[in-house]
Each structure stands twice: as C-alpha cells, then as structure tokens.
Amino acid sequence: MLTGVIVRSLVRQHAQPLALKRPELCIRLSLLFVFACCRPVTLMAQCAGISSTPGAAADCAAHAVASDTVAKLDPAHPYTLAELIDIAEQNNPRTRIAWERAKQRADELGVAKSAYYPVLAGVAAFSDERIINPFPKPLSPRGYNLVEVPAVVPEVTLDYLLFDFGKRGAKVDAATAEKLAAGANFIQANQQIAFTVASAYYKLLTQQERLEAAQQTLKTAQTTQDAAEAQLLNGRSTIPDVLNARAEASQAVFDLESADGDEKIARVTLTEAIGVEPSPDITIDGQKSAPLPDELTMPIDALIARAMADRPDLMAQAEEIRAADDAIRSARSEYLPKILLSANAAQTSIWPTVDYGQLGNASEPTWSAAVAVEWRLFDGGARKNELASARSQKRTAQDELREKRDRTTREVWTAYIAFRSAMRKQQAAVSLLDSANSSYSASLEAYKYGVKNLIDVVTAERQLAQARYSSVSARSQLLLEAVDLEFSTGNLLRSQTPATKTSIPKPQIGQPQ
C-alpha cells in the first residue's frame, strides 16, 4: 500500500537472505517512493543500508571499501528522496568521517587483542669491540691486554606476557565497547544525513510550491487589475482604484522574484547536504500526488520507549560507559604484578685478537630463557591518578547518558506534538484555501456588478495569497514532521513499524478496489 511508503520514512529493507549473498539485488523503501535497484553499490553504502545494529555496522565498516570518486548529478534527471539519500551516504563528508572512525575502532580492537600473543623478533647484530683487559705483569709485560672482538650475531628473541591479572582482558573489552560505540555513531551519522537531506528536500519542495503559489497570486493580481481597468472604462471605478490594483500586481511580481530566488537557494542547500558540489542544477521528483500521513500508530509512551531502546546515540553512550568500566579494571590491574617470559636464541660468531698472546675464533649457538615477575612498587602516584581519572570518566559518561535520555524524551515529545499540530494545520489550511478561493471569486464577481468596491477585492486577494502560502507550508511541514518523528525515535532507515500512517478511504460499493 502507498500508505506504507509514506510512513516508513526512508526505511531501506533488503531481501533476506539473498541480499547477503548478492549485494547488487536490493529493494529500498523511501518516504514517497518505492523503487528497485539492480546495480552494484559501494560497500560503504551497503553498510549504511543493511547495518541496523552497532555490531553489524562496526563489522561491516571494518571490511568496507570507500569510493574516492564524488558523484555528479544529472540536471535532467528528477531525483527521488531515496536516490538523494543513497548519494549522500556515499558522498557526504560526515558519513565518511563516521565510517573511518568505525574502521579505526575496529583496528584498535585488533591491536588490543594482539597483547595475548607473544612478540617474536629477529635481530642481526654486526659489531666490532676493542677493550682493555687488566692482566698481571708477570703474564703480560704492560699489565694489560688490548682485545678486539669482531662479531656477527643473528638472533631470535621471544617476549611473552603470561599473566597480568586481567589488564589485557579489560583493554580488549574497552576496545570492543569503543568499536560498538563507533558502529552506533556510524548509524547515527547516516540517520542524521538522511534527516538533513529529507529536510533540505522538503524545504526545496516548499519553495517550489511557494513559487507556484506566487505565480498564481500574480495571475490573480493581474485579474484584479484587469477588472479595475475595465470598471474604469465603464465609469464604475476610479483612477485610485486602478493604481491600487496595479500596486498589488507589482507586489505580486516582487513576491514572485523573491520566491524564485529562494527556490534556487534551496537547490544549492540540497546539493550541499547530499555532499556533491553545491549548485542549483538539480531536479527533484516531488511526488505531489502522494497521500499525506494523518494518523499515529502508537501512543507517546511507546514512542519514548522505542527511542530509549533504538536511538543510536544512546547506544553509543551506553557503550562509552562500558568502556569506562573496563578502563577502571585496567587501571586497578596496574597495582598487581605481571609474569613475563623472555627467551632468545642466536648463532654467535666472533674473531677475537689480542696484542699479546693468541685467542681462538668461535661460531656456536647460544641461548637464554627466563621467567620474571615484575611488580611496580612505587611510581610517584601515576597509578592512583590513572584510576581516579578512569572513575571520573565513568561518572562523566553516566551524566552524559542521563542528559541524552532527557534530551531524547524532550525531542520525542516535541516531534509528537509538532506532528499532531501539523496534521491540524494541514486540515485548517485546506479549509482556509477553499474559503479564500470562494471569497475572492465572490468578491471579484460582486465588484464587476458594482456591488462591492476594490478594497474588498484586494483584501480577498491578499487572503487568498496568504492561504496559498499556508497550504504549501502546511503540506511540506506535515511530511517533514513525520520524518522528524521517525528520526527522534531512532527508526529512520530501519524496518520497524512506522510511527505514522496514511488512512486511505475504503472504496464505495461498485468502485474498483
């Protein structure tokens, strides 16, 4: 149903499990458009499309490959909202930044896990040493010998941390939490980009409709001017009335030029939001015939509960608290000893010479192995301060989570109230436009028969112009508030039950289904 298209607010659903095996086949749902794309996409865009959990997003970003090319728009192609969001996911710098940070956190987790493995190194030493060895004079005439020892020592060393009372585990857990937080931030960045593009899209749609309304208003003003001039020729009007009508027509021309400039600026803003070179050369498919959302699918309590569970920024902050807990564990482990294994094996070759006597050459395998216990007894308060800092960071993360929860509740309430208000404003705007049209038509007709004066016609004309602008704004605002409600609850680009829906009247008896 088309209602499902409107209220899903940019949800992209991929066929399962086929999409996992053949990423070139996908089905995407947008706010006003349903389309099938049978083309390969970059892995980064694929991460944005199929990763709905922090873990999946982080894992996908860790292996994704970004495209270095920036997309170029076709000025002749009418872009749908879904197509614009797809382009933005691949080109907007904020998406790329979040994606790179997710890759960095995945790499840092790999670094933390490497601490469980031994460090094996190869060393090749080439040296030449000259030393003085004291020696009794009865055996050495000068009481010492000069010894020179050239050596070649290829060596393999092994260092292995056997036990550290959980420090490595704490660091791995902290890196895992940071990776999940980066995955949640990646989802948040894509949702933010989608919302920004949707906002710019609907603002451009509003400006386009305002431009159309300004053109209609100019035609109305010209109709009024023509009527005033005709009445003047018939002797039923005065020159001041004609001048007043001409002034209204001139004002309509001014408003039309202003609307035209605002529409071009909105085009530039939309291209910037997408991440391509800002330019007014873009065409959008407004889908103006699509029905509007006019009903909520769940109460405010359910919307708030969904936001608390699904908002990626709250997920990221919860992972930051887990990372802070792990940092405390890591800091505490510094107070405990470490058990280390170190070993080396070499082929030592030397050719010593001495100024008195003779020494033999040697080329023999040598090795050593040791198990050591390292326990830091004093460090000037470094461990104490590190532990205090870790605890402070945890308290900070907890306070930030509380702040974000309160802000989330406020944003959901605001979006909920704004959507309900937008629905009522849309209904009022429809009635207002109908009434203003009727009022102007009646006033103009009465003026032509000499029943009303030009002031009444001009007043009705202004009311009609205002009603047109109100109707345009109310329609776009309703669509934008529906998107905002999905964004504030964390359901943007996801396949859960949408927060709003469109009620399509049932067909009458005898009408086609």
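## Exercises on salt bridges

In this predicted model, Arg383 and Asp379 form a salt bridge, with their closest N and O atoms 2.9 Å apart.

**Exercise 1.** Find out whether Arg383 and Asp379 are buried, partly exposed or exposed.

*Solution.* Start with the cut-off: buried means under 20% relative accessible area. Arg383 has a relative accessible area of 8%, so Arg383 is buried. Next, take Asp379: its relative accessibility is 23%, so Asp379 counts as partly exposed.

**Exercise 2.** Name the residues that salt bridges with shared partners join into one network with Arg383 and Asp379.

*Solution.* Begin with Arg383 and Asp379, which pair with each other. Then follow the shared partners: Lys167, Glu334 and Arg376 belong to that network too.

**Exercise 3.** Work out which helices the salt bridge between Glu209 and Arg475 ties together.

*Solution.* First, check the contact: the two side chains meet at 3.2 Å, N to O. Now place each residue. Glu209 sits in helix α7 (residues 167-233) and Arg475 in helix α12 (residues 454-488), so this pair links parts 266 residues apart in sequence. Finally, look at accessibility: both Glu209 and Arg475 are buried.

**Exercise 4.** State how many salt bridges a search of the whole structure finds.

How values were computed. Residues are numbered from 1 along each chain as its sequence is written. This is a predicted model: local features need pLDDT of at least 70, side-chain atom pairs count only at pLDDT 80 or more; totals for chains, interfaces and linings use all residues. Side-chain values use heavy atoms; hydrogens and water are left out. A salt bridge is a side-chain nitrogen of Lys or Arg within 4 Å of a carboxyl oxygen of Asp or Glu. Helices (H or I, at least four residues) and strands (E, at least two) are DSSP runs, numbered from the N terminus. Buried means under 20% relative accessible area, exposed over 50%, partly exposed in between (1.4 Å probe, protein chains only).
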